[in-house]
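User: I would like to learn how to read metal sites and charged contacts in a protein model. Could you take me through them step by step?

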Amino acid sequence: MELTIHTTNTSYPVILMQGALQSISKVLPTDYDQLVVFADQHVWTLHGEEFREQLDVDFNLHLVRSGESTKTLVSYEQSMTFLLENNVSRKSVILAFGGGAIGDFAGFVAATYMRGIPFIQIPTTILAHDSAVGGKTGINHSLGKNMIGAFHQPLGVLYDPKFLATLPDSEVRSGFSEVIKHAFLSDAVWANELQSVTSITKLRSLDWQSELAKGIQVKAKIVEQDEKETSVRKYLNLGHTYGHALEALAGFGRLKHGEAVAIGLVMTFYLSGLPELASNWFKQLSKLGYPVDAVRQFPIEEILTYIKKDKKNSGSDIQFVLLHDIGEPYVAIVHEEAIRMAHDRLVNLVEEERT
Ligand SMILES: NC(=O)c1ccc[n+]([C@@H]2O[C@H](COP(=O)([O-])OP(=O)(O)OC[C@H]3O[C@@H](n4cnc5c(N)ncnc54)[C@H](O)[C@@H]3O)[C@@H](O)[C@H]2O)c1
Ligand SMILES: [Zn+2]
């Protein structure tokens, strides 16, 4: 299956199928001088052999730490050194092989090395259906996640769902949140279908190729209208304002991004005046084993402090993406008091669940 993402200046393919890496010639420039594969070291241990089998071109391998721990200034400098020592030029191409963290990291390296060289995304997580498309790249600073970054679109995305088989349950849950987020933003029928998935076994056995394609299409449509997030791209932050705060307070990497977003969605539904959706979604999360207990770990004051300094808020206004209904998002200014109340309701749900 092949999708096309249109941006202001260019367009690029997402090749989503078994054996996708074999199609690399469709996205590589004919005159490139070398390929550098940035691979998540854990993913490389699991799938390096398959990668080599599918990709029958020469490349230089650069293993990086797995997951979020690679999105640091220290790794950034090390990678720049690697590229310089290996005479990587503006005609070279970087391949990002791993989850969203490696995509963000390698994408940012590509965006800034010699003022920008091309790169290709080869995602290996469900969540990365979200991050691989749209051109946002970046790394973390100790004062905030994704605070250093650039917009840099890939030459293409080669996505083989076969790699997903080795994901731990927690990563399947994390990725599922972003998929259903795309459903909540766009399509009640699809959202209902996904809401009927209440066991991890059933979740793992979804037809991921089709789910990822639908998710990518929703994201692509929004990003095509607003590449630099001045308007509708904000909708993609559904569930993220509160979710990010939990993720940050827990310590990045402890609570998975999508797991935190899932909890953020419950909050969003309360703030949207959709209590039934909030409690149904919460029940589904509990059945699927999401770490919903996290909301009891942090006082609302700490959560609010974090939300206020989140880069998406200007001044003291707290912006949230809310839903009139499934498929009808809008941006609203929410008062602190409403957030406190919704947080209390969420804590109550968790406590009821435990008794
Ligand atoms: N740029 C964007 O628009 C955007 C959007 C959403 C999220 N993100 C970023 O994406 C990152 C999260 O992405 P993620 O959830 O893919 O996390 P990740 O890249 O950290 O991967 C999660 C973990 O799964 C492991 N892993 C990856 N693929 C695997 C596989 N096939 N089998 C077994 N283990 C595997 C990794 O080693 C890692 O430990 C965050 O840094 C977030 O900020 C970016
Ligand atoms: Zn997200």
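Analyst: We will go through the metal site and then the salt bridges. This is a predicted model, in which local features need pLDDT of at least 70 and side-chain atom pairs count only at pLDDT 80 or more, while totals for chains, interfaces and linings use all residues. Residues are numbered from 1 along each chain as its sequence is written, and side-chain values use heavy atoms, with hydrogens and water left out.

User: Which protein donors hold the zinc ion (ligand 2)?

Analyst: Donors are N, O and S atoms within 2.8 Å of the metal (3.2 Å for Na, K and Ca), and sites may look incomplete because water is not among the atoms. Here the protein donors are Glu178 (OE), His240 (NE2) and His257 (NE2), at 1.9 to 2.1 Å from the zinc ion, and along the chain they follow the spacing E-x61-H-x16-H.

User: Are His240 and His257 buried or exposed?

Analyst: Buried means under 20% relative accessible area, exposed over 50%, and partly exposed in between (1.4 Å probe, protein chains only). Both His240 and His257 are buried.

User: Which residues form a salt bridge with Arg296?

Analyst: A salt bridge is a side-chain nitrogen of Lys or Arg within 4 Å of a carboxyl oxygen of Asp or Glu. Arg296 pairs with Asp293, the closest N and O atoms being 3.4 Å apart, and with Glu351, where the closest N and O atoms are also 3.4 Å apart. Arg296 is partly exposed at 35% relative accessibility, as is Glu351 at 36%.

User: How many salt bridges are found in the whole structure?

Analyst: The search finds 20, and Glu68, Lys71, Asp104, Lys145 and Glu247 are linked in a network of them.

Technical notes
Chains are lettered from A and ligands numbered from 1 in the order in which they are written.
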